[in-house]
Amino acid sequence: MRAGLDTADADCPFLLYGTDWLALAHLVIAVAFYGVLRDPVRNIWVVEDQGP
């Protein structure tokens, strides 16, 4: 597995950079929804429909 990561990093370094941002985005989304689980009344804006 380590050899595959080393090869991918040498040939296409942008692949590993992209996975870091993808992981960060998932953590940010998870933090937003944690507030809803902790206090749903206060954080209703996360799940409430804001349509026209």
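**Entry 1: salt bridges**

I define a salt bridge as a side-chain nitrogen of Lys or Arg within 4 Å of a carboxyl oxygen of Asp or Glu. I am working on a predicted model, in which local features need pLDDT of at least 70, side-chain atom pairs count only at pLDDT 80 or more, and totals for chains, interfaces and linings use all residues. I number residues from 1 along each chain as its sequence is written, and side-chain values use heavy atoms, with hydrogens and water left out.

Under the salt-bridge rule I count one salt bridge. I find it between the side chains of Asp 6 and Arg 2, with an N to O distance of 3.6 Å. I place both residues in helix H1 (residues 2-11), where they stand four residues apart, about one turn of the helix. I take helices as DSSP runs of H or I with at least four residues and strands as runs of E with at least two, numbered from the N terminus.

I then looked up accessibility, with buried meaning under 20% relative accessible area, exposed over 50%, and partly exposed in between (1.4 Å probe, protein chains only). Asp 6 counts as partly exposed because its relative accessibility is 40%. Arg 2 has 61% and therefore counts as exposed.

**Entry 2: the chain as a whole**

I record two helices and zero strands for the protein chain. I note a radius of gyration of 18 Å, whereas a compact globule of 52 residues would have one near 10 Å. The radius is taken over C-alpha atoms, and the globule rule is 2.2 Å times the number of residues to the power 0.38. I read the span of the C-alpha trace along its principal axes as about 50 × 25 × 10 Å.

I find that 6% of the 52 residues count as buried. The chain exposes about 4800 Å², of which carbon and sulfur atoms supply 69%. I use accessible areas from the Shrake-Rupley method with a 1.4 Å probe; for residues, only the protein chains shown count as cover.

I looked up a nonpolar surface patch of about 450 Å², made by Tyr 17, Trp 21, Leu 24 and Val 28. Patches are made of residues with over 30% relative accessible area and no salt bridge; like charges are joined within 9 Å, and nonpolar side chains (Val, Leu, Ile, Met, Phe, Trp, Tyr) within 5 Å. I locate Tyr 17 in helix H2, and this residue counts as exposed because its relative accessibility is 53%.

I also place Asp 20 in helix H2; its relative accessible area is 54%, so Asp 20 is exposed. From Asp 20 to Val 41 I read 33 Å, C-alpha to C-alpha, for 21 residues of sequence.

Arg 38 lies in helix H2 (residues 13-38), and with 56% relative accessibility it therefore counts as exposed. I find Arg 38 and Leu 22 to be 25 Å apart in space, C-alpha to C-alpha, and 16 residues apart in sequence.

**Entry 3: after H2**

I place Gln 50 in the segment after H2. Gln 50 counts as exposed because its relative accessibility is 58%. Gln 50 and Val 31 are separated by 19 residues in sequence and by 20 Å in space, C-alpha to C-alpha.
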